[in-house]
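I opened the notebook to look up a few local features. The entries follow in the order I checked them.

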Amino acid sequence: MSVKNAMTADFLRSAYGGESMAHMRYLIWGKMATEEGFPNIGKLFEAIAYAEQVHASNHFKEIGGTTADATVVAGAVFGPGKTVDNLQGAINGELHEVEQMYPVYLNAAEFQNESGAKRSFHFALEAEKIHADLFSQAQNSAREGKDMELESVYICPICGHTVLNDAPDKCPVCGAKKEMYKKF
Ligand code: FE2
Ligand code: FE2
Ligand code: FE2
């Protein structure tokens with residue numbers, strides 16, 4: 001599972017950089033949301049931060065044996081704000097991944113017959129669609145000054161699939177069993 005083509009390798013490094021930053025950013029914003037009086041939105045950020053860690057780890061492994069240094073450019077939002085604004089940053093980032101980044105990377109990996117990268121990009125793309133939607137729900141609540149209603153968040157440790165309140169018997173994206181989901 002080591003990438004062969006330069007273009008897909010670049011895309012894996014870029015995606016690894018983007019996911020790594022999203023992971024950290026969501027941990028920071030999650031803490032801020034909890035401090036602002038939205039513990040459930042804080043929990044959502046924390047859980048999705050873990051999903052982004054899963055994506056970063058998958059991409060990292062697919063880069064495999066290439067040991068060259070790389071400058072990673074990733075679209076990212078910096079800086080703390082109110083939770084409503086942080087959620088907008090999160091929504092924008094997720095939508096960029098859903099509408100442009102991962103479809104383009106996935107197509108390149110398909111074109112170059114990079115099966116490992118394809119799998120890694122596909123897993124991320126499917127999870128980011130859900131993230132964009134969940135962050136929108138959270139933002140609707142925060143706009144009204146209310147916390148999001150949820151009990152727990154479950155993340156698939158293989159692909160990052162994200163679901164509220166109860167894990168499915170089988171992950172719809174990668175097939176992992178219910179017991180494997182990480183609960184937040
Ligand atoms: Fe991700
Ligand atoms: Fe995401
Ligand atoms: Fe999964």
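I started with Thr 162, which is found in strand β2 (residues 162–164). Strands here are DSSP runs of E with at least two residues, helices are runs of H or I with at least four, and both are numbered from the N terminus. This is a predicted model, where local features need pLDDT of at least 70, side-chain atom pairs count only at pLDDT 80 or more, and totals for chains, interfaces and linings use all residues. Residues are numbered from 1 along each chain as written, chains are lettered from A and ligands numbered from 1 in the order written, and side-chain values use heavy atoms, without hydrogens and water.

Is Thr 162 buried or exposed? Thr 162 has 3% relative accessibility, so it counts as buried. (Buried is under 20% relative accessible area, exposed over 50%, partly exposed in between, with a 1.4 Å probe and protein chains only.)

I then looked up its polar contacts (N or O pairs within 3.5 Å; within protein, one must be able to donate a hydrogen and the other to accept it, and residues adjacent in sequence count only if both atoms are side-chain atoms). The side chain of Thr 162 makes one with the side chain of His 131, at 2.8 Å. A polar atom of the Thr 162 side chain also lies 2.8 Å from the backbone oxygen of Gly 160. Leaving out residues up to four places away in sequence, Thr 162 touches several residues, among them Ile 48, Ala 51, His 131 and Tyr 154. Contact means heavy atoms within 4.5 Å.

Glu 52 sits in helix α2 (residues 39–63) and His 131 in helix α4 (residues 115–143), 79 residues apart. Both Glu 52 and His 131 are buried.

Last, I checked a charge and a ring. The charged end of Lys 182 sits over the ring of Tyr 50, 5.4 Å from its centre. The criterion is NZ of Lys or CZ of Arg within 6 Å of the ring centre and within 35 degrees of the ring normal.
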